[in-house]
Amino acid sequence: TLERWMLSRLRAATAAAHAGLGGFALGDAVQAIYVLWYNELCDVFLEAIKPLVYADDAAGAPLRASLRQTLYTMLDAGLRLLHPFMPFVTEELWQRLARRPDEPARSIMMAAYPVVDDAAGLRADADAEAAVELASAVAAAVRSTRAAYALPPKAKPPLAVHCAAAATATSLEPLAASIAALANTDAAATRIVSDEGAAAAPAPAGTVQVAVNADVQLRLAIGALVDVPKLLAATQSKLDKVAARLAKLEKRRASPGYAKVTDAAREKDDTTVGELQAEIDTFRASIKSFEALRGE
């Protein structure tokens, strides 16, 4: 799934680069190539394949070989796409790549520019794109939860991804190891669970539940990994500071002299009150979730 997704994204970036160059919209071409390199190849693909490439089981040897070939294809094609915009750097990097036997060019300047070609393996794959997009959303939700609960970077909590539809679970199952790598969870305890046709079992104590969408809910077992009293104290301190700012502002707005304030200043104060109240609500919700984590 990962390889099909990556090649599908290469196809999309190649098409966007050709459209940008052909229409003299160079910014669009550069942006498409940037997204391919930074957001998709480096941020997702490289991180997601690490546990697969570094595994040493004999059964996974064909997959590791295939992943390396796909990675080579991405580096080679990515440098070619970027060459018109960064000629010297891409030439230097391309010279450091090993050559495939069928590559006649001795310089990236003479190498063929990538084209949208099904025969070259660059096929659009909507299913793979949807699956990896959902897996990335799962990983992002876990990372946000880790940050919210101040989870130590080295902590690897168990993760259960509950899917209301069996088809969703089926699409995510091949990506379980990659989700664990992207979300920094315990790979051996990262599970994809189908709840179709049955009610999900109650979440165990010490588990945080996070909804990714209407179909996918995460259960992250972090109760034993966080310092709940410390989190409560820090959050309460932040809440008190924001509440004090709001009380001070409300006191000023209630004073007799506030009648002389301009409409623009009133509008600004109204906005500030709304923002402070939203912060207070967020801190209160966090305190409630922290207390629930320790069973209060």
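Helices, meaning runs assigned by DSSP as H or I of at least four residues, are numbered from the N terminus. The structure shown in these close-up views is a predicted model.

**View 1. Two tyrosines of helix α2 form an aromatic pair.** Helix α2 comprises residues 26-53, and Y34 and Y38 lie four residues apart in this helix, which means that about one helical turn separates them. A pair of aromatic rings is described by the distance of the centres and the angle of the planes. For Y34 and Y38, the ring centres are 5.4 Å apart and the planes meet at 10°. Planes under 30 degrees apart count as stacked, and the pair is therefore stacked. With a relative accessible area of 44%, Y34 is partly exposed.

**View 2. Y149 and F290 form an aromatic pair between distant parts of the chain.** The structure holds two aromatic pairs; one of them is formed by Y149 and F290. The centres of these two rings are separated by 5.1 Å, and their planes stand at 70°. Because planes over 60 degrees apart count as edge-to-face, the pair of Y149 and F290 is described as edge-to-face. Y149 belongs to the loop between α5 and β1, whereas F290 belongs to helix α9 (residues 263-293); the two residues are 141 residues apart. Both Y149 and F290 are buried.

**View 3. Helix α1 packs against helix α5.** Helix α1 spans residues 2-22 and helix α5 spans residues 126-148. Their axes are 8 Å apart and form an angle of about 105°, so α1 is roughly perpendicular to α5. On the side of α1, the contact is made by L2, R4, W5, S8 and R9. On the side of α5, the contributing residues are A128, E129 and V132. Of the residues in this contact, four are nonpolar, one is polar and three are charged.

**View 4. Four strands form an open sheet.** The strands follow the order β2-β1-β4-β3, and their pairing is mixed.

**View 5. Strands β1 and β2 pair in the parallel sense.** Strand β1 consists of residues 159-163, and its pairing with β2 runs over five bridges. H162 has V193 in β2 as its bridge partner.

How values were computed:
Residues numbered from 1 in each chain as written. Predicted model: local features only at pLDDT ≥ 70, side-chain atom pairs only at ≥ 80, totals over all residues. Heavy atoms only, no water. Pairing = 2+ DSSP bridges. Axes fitted to C-alpha atoms, helices over the stretch in contact; angles between N-to-C directions. Parallel < 35°, antiparallel > 145°, perpendicular 65-115°, else oblique. Contact = heavy atoms within 4.5 Å. Nonpolar A, V, L, I, M, F, W, Y, C, P; charged D, E, K, R; others polar. Phe/Tyr/Trp six-rings, centres within 6.5 Å; stacked < 30°, edge-to-face > 60°. Buried < 20%, exposed > 50% of the residue type's maximum accessible area, 1.4 Å probe, protein only.
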